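The sequence and structure come first.

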Amino acid sequence: MFISEKVSIDDLIQSFDQEKVNWLMIAEHSNISITELIDQSNKRGYTIAGGIFPMVIYDQQSYEKGIVLKTIQTTQAPILVPDIGSVSREDLPIIDEKDRSCIIFLDGLSDTIPSFLDHIYEKYGNTISYVGAGAGSLTLQQSPCIFTNEGLFENAAVLLMASNEVSLGVKHGWEKISGPYVANKTDGNRIVELNWRPAFDVYKEVVEASCQKKFKEDNFFDIAKGFPFGIYREGQEDIVRDPISVDESGALMCVGQVSQNTSLNILKGDKDNLVSCAKEAANQSLNDGKSDVFVVDCISRILYLEEGFKEELDVINSVVREKDDRMELEGILSLGEISSGQDGFLELYNKTIVVSSFR
C-alpha cells in the first residue's frame with residue numbers, strides 16, 4: 001500500500017493491522033514525525049518496524065516523499081539490534097522451527113554491516129531465506145534511520161522473522177572491463193591499495209581510458225557511478241561494491257566492506273543490460289504463481305540510469321502484471337541490498353536489484 005506523506009499520523013494508523021507487524025518504508029523527504037508515529041502506535045497497541053530510505057517504489061514510479069506500508073505475520077516480535085557493531089551471534093534469539101524467511105533493515109552507512117550479516121548467517125544458516133536493505137539518506141550523512149516501537153536508531157538493525165516462503169531474483173548487469181586486481185590493503189570500506197599501488201591511481205587509469213573523461217576535484221561520483229568494483233565469484237555475477245569518494249591518500253571509499261586480499265574487477269554499466277537484468281531478476285522470483293512482491297533496488301541505479309530508470313520499473317511491473325494483474329509493485333531504493341545468494345549465503349550487494357516474492 002502506498003500512502004501520501006501528506007496524511008496525518010492518525011490517518012496513517014487507520015491503515016494499520018492490529019494482528020500483524022506494520023512494516024513501513026518511509027522516503028526521506030516525507031513530512032512525518034517518526035517519534036510521534038512511534039508514540040501513537042504504542043498508545044494504540046500497534047506493532048511497527050521499518051526504515052527511512054532515499055526513495056520508495058510503488059507501481060511504476062519512484063517517490064522522494066511517501067510511505068510504503070506492508071503487513072506481515074511474524075513468528076515473534078521484531079528483533080531490534082540497537083548497535084550492530086557490538087552484537088555477537090550469541091546475542092541473537094533462537095528462531096522458530098516454522099521460520100522460512102528473514103527481512104533485515106539496517107543502517108546502510110554503518111561500517112560493520114558485513115560482520116553483522118556474518119553473525120546472522122552463523123546463527124541461522126541457510127535454513128531460511130534473507131531479503132533486506134540498507135536505510136539512510138542520499139546525502140550519505142549518517143543519522144537515525146531504523147525504527148521500532150522502542151524508538152528511532154542510528155547504526156541499528158531490525159529483523160522480522162516469518163513463516164512465509166520467499167523466492168528471490170538477484171541480478172545487477174554490470175560487466176567487467178578490467179581485472180582482476182588484488183585489494184592488498186583495505187580498511188573496512190576503504191580500498192587503500194590495488195596491486196600494491198594507491199587504489200585511485202589504478203582505478204583512474206582504467207576508468208579514464210574507458211570513458212574518455214578526466215577526474216577532477218568535483219566530479220568523482222559523476223564518473224564513478226558508472227564504474228563500480230566487482231568482488232569475483234566463481235560461476236556467478238560479481239558482488240558489486242560502489243566507490244563513492246576518494247580521500248587525500250588515494251584510498252577509495254565504498255558502500256560496503258572490502259576484505260583485504262579480495263580479488264576485484266572494475267565493471268562498467270550498459271543501460272540496456274541493466275534493464276534486461278532487472279527483468280531477469282523479476283522472472284527468477286516470480287516463477288511459481290501468485291506472490292506478494294517486494295523490490296529492493298539500489299539508489300545508485302537510478303542515479304546512473306536517470307530517465308532510463310523508468311524502463312527498469314516498467315519491465316519489472318510487466319512481469320508482475322503478467323503473473324497476476326492484481327499484484328502491486330512495491331519496494332524501496334536503498335543504500336545496499338541484502339539477500340541470499342544462489343548458494344544460500346547471506347550477502348550485502350551494491351548497484352543490484354533484488355526482487356522477492358512472499359507466498
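## Cysteines, cores and rings

The whole structure holds zero disulfides, a disulfide being a pair of cysteine sulfur atoms within 2.5 Å. Cys145 is in none, its nearest cysteine sulfur being that of Cys298. This is a predicted model, in which local features need pLDDT of at least 70, side-chain atom pairs count only at pLDDT 80 or more, and totals for chains, interfaces and linings use all residues. Residues are numbered from 1 along each chain as its sequence is written, and side-chain values use heavy atoms, with hydrogens and water left out.

| Cys145 | Cys298, 15 Å | 2% |

The largest nonpolar core has 71 residues, of which Phe105, Ile191 and Tyr203 touch the most other members. Such a core is a set of buried Ala, Val, Leu, Ile, Met, Phe, Trp, Tyr and Cys residues joined through side-chain atoms within 4.5 Å. A second, separate core of 29 residues includes Leu274 and Leu313.

Phe105 also belongs to an aromatic cluster with Trp23, Phe53, Phe294 and Phe358. Rings of Phe, Tyr and Trp (its six-membered ring) pair if their centres lie within 6.5 Å; planes under 30 degrees apart count as stacked, over 60 as edge-to-face and the rest as tilted. In total, 16 aromatic pairs are found. Tyr203 and Phe220 make a tilted pair, 6.2 Å centre to centre with 40° between the planes. Both Tyr203 and Phe220 are buried.

Note on methods
Buried means under 20% relative accessible area, exposed over 50%, partly exposed in between (1.4 Å probe, protein chains only).
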